[in-house]
Every structure is written in C-alpha cells, then in structure tokens.
Amino acid sequence: MNVAICDDDKVFQEKIRTQLSKVEFFKNSNYIFCETGEDLLKSFDSTQPFDFVFLDVDMPKMNGLEAGETLNKLSPKTIIIFVSSYPQFAIDAFDCNAIGYLLKGCNQEKFNRTIEKAIYRYKDLNTQLHLKTGTEMVKVDLNTIFYVEYSRKYCQYHTANAIYAVRQQLHEALTELNPFGFIQIYQCYIVNLAKIKKIQTSSVVLEGDTELPIKRGTSKELIKKYNDYMTKRC
C-alpha cells in the first residue's frame with residue numbers, strides 16, 4: 001500500500017502517519033512524504049501509483065487543489081483526501097474526485113469516518129473477479145460490472161465493455177458479489193447499486209439506460225439499501 005502525505009508542516013505529516021498506523025488496513029504501508037504539490041507529482045510513479053494521498057490545500061507555489069486535479073488525471077484510482085485549516089475550499093476540493101475533506105484538528109470520530117469511506121472506495125475500485133468463461137479465466141474489475149443475468153445455467157456478467165458467461169448458479173454469484181454492493185432485485189437479476197440511476201415502482205434504470213424489473217412491492221426496501229450503500233461509499 002503506497003500512501004503519500006503532502007503537507008508543508010512535518011509535524012502534521014507525522015500526525016497523519018501515526019493516526020493511520022492505528023488502522024489495521026494501513027499496517028505495513030509504504031509512506032511517501034512531500035512538502036509541496038510539485039514534489040508530490042515528481043514522486044508519482046505510474047508503475048507503482050499512490051493508493052491514498054493526504055493532500056494539504058494551502059501550500060506554496062502549486063496548491064493542493066491544483067496538484068489534486070493533475071494527480072486525478074494521472075491516476076483516477078488514487079484515493080485523495082484533502083486536509084486543511086480552511087473550510088471554504090471544501091467544495092472546490094471535490095472537483096478533484098476527492099473522497100473527503102478533513103479540517104486540521106478534527107476529532108477522531110470524523111477522521112475515522114473519512115478513513116472508512118476511503119477504504120470502501122479503494123476496495124470498490126481495485127477488487128477484481130476471476131471469471132471462468134469456457135476454457136479461459138478472465139479478470140474483471142468489480143466496478144465495471146453493471147448487472148448479472150441468470151439464464152439456462154449461466155450467469156452473464158454485463159460490464160462496460162463486454163458480457164462474460166459463466167456456468168454457475170445465481171446464488172453463487174450473489175455470495176461473491178454481495179459484500180461489494182451488489183443485490184438481487186429479481187429472480188434472475190443481480191445489480192451493482194453503484195450503477196443505479198433511477199429506482200421506479202417496478203423497475204430500476206441503470207447508467208446507460210438499461211432497465212431491469214424488480215420484485216413487486218420491494219421498491220422502498222431497495223431505495224433504503226441504495227441510500228445506505230451510497231452513504232458508506234460517498
């Protein structure tokens with residue numbers, strides 16, 4: 001795990017590292033310390049990109065917002081968390097696809113909530129499924145799957161770029177996918193909650209305007225599950 005902490009205050013750099021060291025997910029992480037946005041970008045290695053970046057907003061020369069915008073283009077999967085003494089930059093920070101905005105001196109509860117969301121986003125972006133399609137084994141990024149359709153003993157994984165047919169039962173697919181925000185909405189459909197655009201009385205509309213049926217009388221329950229999921233994820 002590569003974690004970059006970019007702040008011109010070395011005391012605060014160490015404070016962030018100490019807080020992260022208490023989180024099991026970050027044990028044995030490799031830390032990179034930078035004092036300017038320019039140093040952060042110079043330290044970037046596309047073959048070993050940063051997994052997480054804690055980025056101060058107010059720095060000399062290139063500020064954190066500029067560095068974050070550039071970094072997001074170089075590495076869209078890098079999780080960016082801004083830290084600042086100034087709350088007025090929070091809205092601009094999320095233009096960089098940041099997962100959080102921490103005010104320096106925030107309490108431990110706020111820090112922990114932000115880290116929990118960051119870890120959730122990381123897993124969402126980096127988990128891969130190994131799908132056996134015939135004689136081939138295919139790696140598929142979890143976040144590219146829109147839905148799974150069961151038909152004639154096969155689960156068809158509908159992704160952004162292709163459809164992969166795997167000989168398995170739908171409950172087997174659900175067991176593997178459920179921890180990552182996938183739920184069964186109908187007898188032959190599992191959907192990725194992150195891909196839902198609209199929930200209607202008898203159907204859901206996914207990104208790309210694919211419409212799928214849902215079980216009768218379950219729309220309210222589905223809305224609740226969607227809201228709970230998005231609260232954890234965003």
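By class, the lining of the largest pocket comprises six nonpolar, two polar and three charged residues, where Ala, Val, Leu, Ile, Met, Phe, Trp, Tyr, Cys and Pro count as nonpolar, Asp, Glu, Lys and Arg as charged, and the others, Gly among them, as polar. The structure is a predicted model, in which local features need pLDDT of at least 70 and side-chain atom pairs count only at pLDDT 80 or more, while totals for chains, interfaces and linings use all residues. Residues are numbered from 1 along each chain as its sequence is written, and side-chain values use heavy atoms, with hydrogens and water left out.

The volume of the largest pocket is about 160 Å³. Pockets and cavities were located on a 1 Å grid over the protein atoms alone: a cavity is a set of points where a 1.4 Å probe fits but cannot get out, and a pocket is an open set with protein on both sides within 12 Å along at least five of seven lines; lining residues have an atom within 4 Å of a point. Grid points are joined across faces, edges and corners, and a volume is the space filled by probe spheres set on the points. The lining of the largest pocket includes Tyr-120, Asn-178, Phe-182, Lys-225, Asp-228 and Lys-232. At least two lining residues come from each of β11 (182-186) and α7 (219-233); helices (H or I, at least four residues) and strands (E, at least two) are DSSP runs, numbered from the N terminus. Helix α7 supplies the largest share of this lining, four residues.

Strand β11 is also part of a hairpin, in which two residues connect β11 to β12. The two strands run antiparallel and are joined by four bridges, with β12 covering residues 189-192; strands pair if DSSP finds at least two bridges between them. Phe-182, one of the residues lining the largest pocket, has Asn-192 in β12 as its bridge partner.

Strands of a sheet pair through backbone hydrogen bonds, either parallel or antiparallel. Parallel pairing is found in an open sheet of five strands, in the order β2-β1-β3-β4-β5. Its edges are β2 (30-34) and β5 (100-103), each with a single partner strand, so one side of each is left without a neighbour in the sheet. From one strand to the next the twist averages 20°; axes are lines fitted to C-alpha atoms, for helices over the stretch in contact, and angles run from 0 to 180 degrees between N-to-C directions. Within this sheet, β3 (residues 52-56) pairs with β4 (residues 79-84) in the parallel sense over five bridges, and Phe-54 stands opposite Ile-81 in β4. Helix α3 (residues 64-74) packs on the sheet and touches β3 and β4, its direction making about 180° with that of β4; contact means heavy atoms within 4.5 Å. Helix α5 lies across β3, β4 and β5 and runs at about 160° to β4.

Antiparallel pairing is found in an open sheet of three strands, ordered β13-β14-β15. The edge strands β13 (196-199) and β15 (211-213) each pair on one side only, and the twist averages 25° from one strand to the next. Three bridges link β14 (residues 203-206) with β15, and Val-204 stands opposite Leu-212 in β15.

Helix α5 (residues 108-126) also packs against helix α1 (residues 10-21), at an angle of about 70° and with the axes 12 Å apart. The two helices are therefore roughly perpendicular to each other, a class that spans 65 to 115 degrees, whereas angles under 35 degrees count as roughly parallel, over 145 as roughly antiparallel and the rest as oblique. Ile-16, Gln-19 and Leu-20 in α1 meet Gln-108, Phe-111 and Ile-115 in α5.

Two cavities of 30 Å³ or more were counted. The largest cavity has a volume of about 70 Å³, and its lining includes Ile-16, Gln-19, Val-83, Leu-102 and Phe-111. Helix α1 and strand β5 are the elements that give two or more residues to this lining, and α1 gives the most, with four residues. The lining divides into seven nonpolar, two polar and two charged residues. The second largest cavity has a volume of about 50 Å³; Asn-72, Ile-80, Cys-96 and Arg-121 are among its lining residues. Here β4 and α5 are the elements that give two or more residues, and the lining divides into six nonpolar, three polar and one charged.
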